[in-house]
Amino acid sequence: MLGDDTLTAAKALALKYDRPVPRYTSYPTAPHFHNGVGPVDQSAWIAAGDPAQPISLYIHVPYCRQMCWYCGCHTKIVARYQPVADFTTQLKREMALVAEAFGRRPRVAQLHWGGGTPNVLSADDLRSLTSHLKQLFDFDANSEIAMELDPRWVGQELLAALKDCGVKRVSLGIQDFDPIVQRAINREQPFSLVRDVVGGLWGIGITAINFDMIYGLPYQTRAGFAHSIEQALSLVPDRLAVFGYAHVPWMKRHQTQIEEAALPDAALRLELAQNAASRIAAAGYRRIGLDHFARPGDPLAVALDRGTLRRNFQGYTTDAAATLIGLGPSAISATAQGFAQNAADIPLWSRAIEAGRLATQRGLKLTTEDRWRGAAIERLMCLGVLDLDRLAKAYRLPNAQFAAERAQLAPLIADGIAELSGNRLRVTEAGQSLARLVAAAFDAHLQAGPGRHSRAV
């Protein structure tokens, strides 16, 4: 637990630095993508990939059975299965188009199912889609297949399908176990339900289980969220992610269902986050970057120790693949050349696939400056350390003084959030929860203002 003096200082910093900052799952970030990148560009970028290197795949399932008021994802609520069935048909066609663009059968290092709610898919459709993927791409014993699951919709049929499809890791959306909070966000799932789902996963041999928790939700209290963290820890997940809720009702209309007066203020948000981090650390977990925690020996903890931890659109990862292909509406692909995002509108995405072309609607071609700034930001977000001399040497930046970046870092250094010793920049232990602010000093695109990014606290 944090002492009173520490909490007082943390509250002061929370109030001072409570401003929008990107989560930096990419650089440049998605708001800077534009429609100057299209299907032809993405096809060329895919074809240019190193055939000796593995790739990773992300599949976005854009449907849910029920809207959670806090959700910031691209999703649509369905009462019938037919739209989901239609989606699976088009998804298979998109898989084939991507495979054709590769012109070969690339090896897959990681496959991640996200959404939306991936387990809105029927067990048979999940098997069919996985089988189709394995006909087009090369999966082996080292390929990690992971899936995000809504615990409310996990039954015996789905568990059997997960086993058949070779799923090795799952992420369960917990958010908070407090029934008052759950009612306020329209996601009621008692602890007993989650406990039974975890037991079912263990029963089919899936022991690599992640929990996603959220602080900053309506009606959260210090005692209530602390109890939820303890309940989560009692189920011994391999990893926990503790995210801050991003309240952007001007972008996500369903968030207007959340009572703003019930939301924690910036100081309480930071206290909730730091108390959660303290409790999780006390249970023996390693802190991974900004908001993840892993048990010692977990691949994320090993990657942190080795300095190979990465960050992409799914958060912190061990995935070192230079090519990540996103499938499904709104999915983002990342290649050595740049980023390409599919149309978020489901009918628009579907029509593109039906016409026999990739559904790329927007993106961004990377410049040399984007690359070195992205490398600096990723290193700070992942490892909390950046050697400016090495950065300048690696990207051939002659006489690089980083004067503008140093100027932006100065107040953060003065407040103990970061330290700069010579040309070695480090995020302090006290500043870990505000690491995005340190990374933002290297963001040449950042524009402050409401609606663009989530709050730093």
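# Exercises on a predicted model

Glycine 363 lies in strand 16, which spans residues 360–365. The model used throughout is a predicted one.

## Exercise 1

Classify glycine 363 as buried or exposed, and list its contacts beyond its neighbours within four places in sequence.

Solution. 

Step 1. The cut-off for buried is under 20% relative accessible area. Glycine 363 has 0% relative accessibility and therefore counts as buried.

Step 2. With neighbours within four places in sequence set aside, glycine 363 touches Phe33, His34, Val37, Phe339, Ala340 and Gln341.

Step 3. As a check on sequence separation, take glutamine 42, which is 321 residues from glycine 363 along the chain. The C-alpha atoms of these two residues are 9.0 Å apart.

## Exercise 2

Describe how helix 3 packs against helix 11.

Solution. 

Step 1. Two packed helices are described by the angle between their axes and the distance between the axes. For helix 3 (residues 82–102) and helix 11 (residues 346–354), the angle is about 50° and the axes are 9 Å apart.

Step 2. The two helices, helix 3 and helix 11, are therefore oblique to each other. Their crossing is left-handed.

Step 3. Helix 3 supplies Phe87, Gln90, Leu91, Arg93, Glu94 and Leu97 to the contact, and helix 11 supplies Trp349, Ser350, Ile353 and Glu354.

Step 4. Sorted by class, the contact of helix 3 with helix 11 has five nonpolar, two polar and three charged residues.

## Exercise 3

Repeat the analysis for helix 2 and helix 3.

Solution. 

Step 1. Helix 2 covers residues 39–47, and its axis is 7 Å from that of helix 3, at an angle of about 55°.

Step 2. That angle makes helix 2 oblique to helix 3.

Step 3. On the helix 2 side the contact residues are Ser43, Ile46 and Ala47, and on the helix 3 side they are Val98, Ala101 and Phe102.

Step 4. The class count for helix 2 with helix 3 is five nonpolar, one polar and no charged residues.

## Exercise 4

Solution. 

Step 1. Cysteine 68 is in none, and the nearest cysteine sulfur, in cysteine 71, is 6.5 Å away.

Step 2. A disulfide needs the sulfur atoms within 2.5 Å.

Step 3. Cysteine 68 counts as buried at 6% relative accessibility, whereas cysteine 73 is partly exposed, with a relative accessible area of 34%.

Definitions and conventions: Residues are numbered from 1 along each chain as its sequence is written. This is a predicted model: local features need pLDDT of at least 70, side-chain atom pairs count only at pLDDT 80 or more; totals for chains, interfaces and linings use all residues. Side-chain values use heavy atoms; hydrogens and water are left out. Helices (H or I, at least four residues) and strands (E, at least two) are DSSP runs, numbered from the N terminus. Buried means under 20% relative accessible area, exposed over 50%, partly exposed in between (1.4 Å probe, protein chains only). Contact means heavy atoms within 4.5 Å. Axes are lines fitted to C-alpha atoms, for helices over the stretch in contact, and angles run from 0 to 180 degrees between N-to-C directions. Angles under 35 degrees count as roughly parallel, over 145 as roughly antiparallel, 65 to 115 as roughly perpendicular and the rest as oblique. A crossing is left-handed if the near helix is turned anticlockwise from the far one by less than a right angle, and right-handed if clockwise. Ala, Val, Leu, Ile, Met, Phe, Trp, Tyr, Cys and Pro count as nonpolar, Asp, Glu, Lys and Arg as charged, and the others, Gly among them, as polar.
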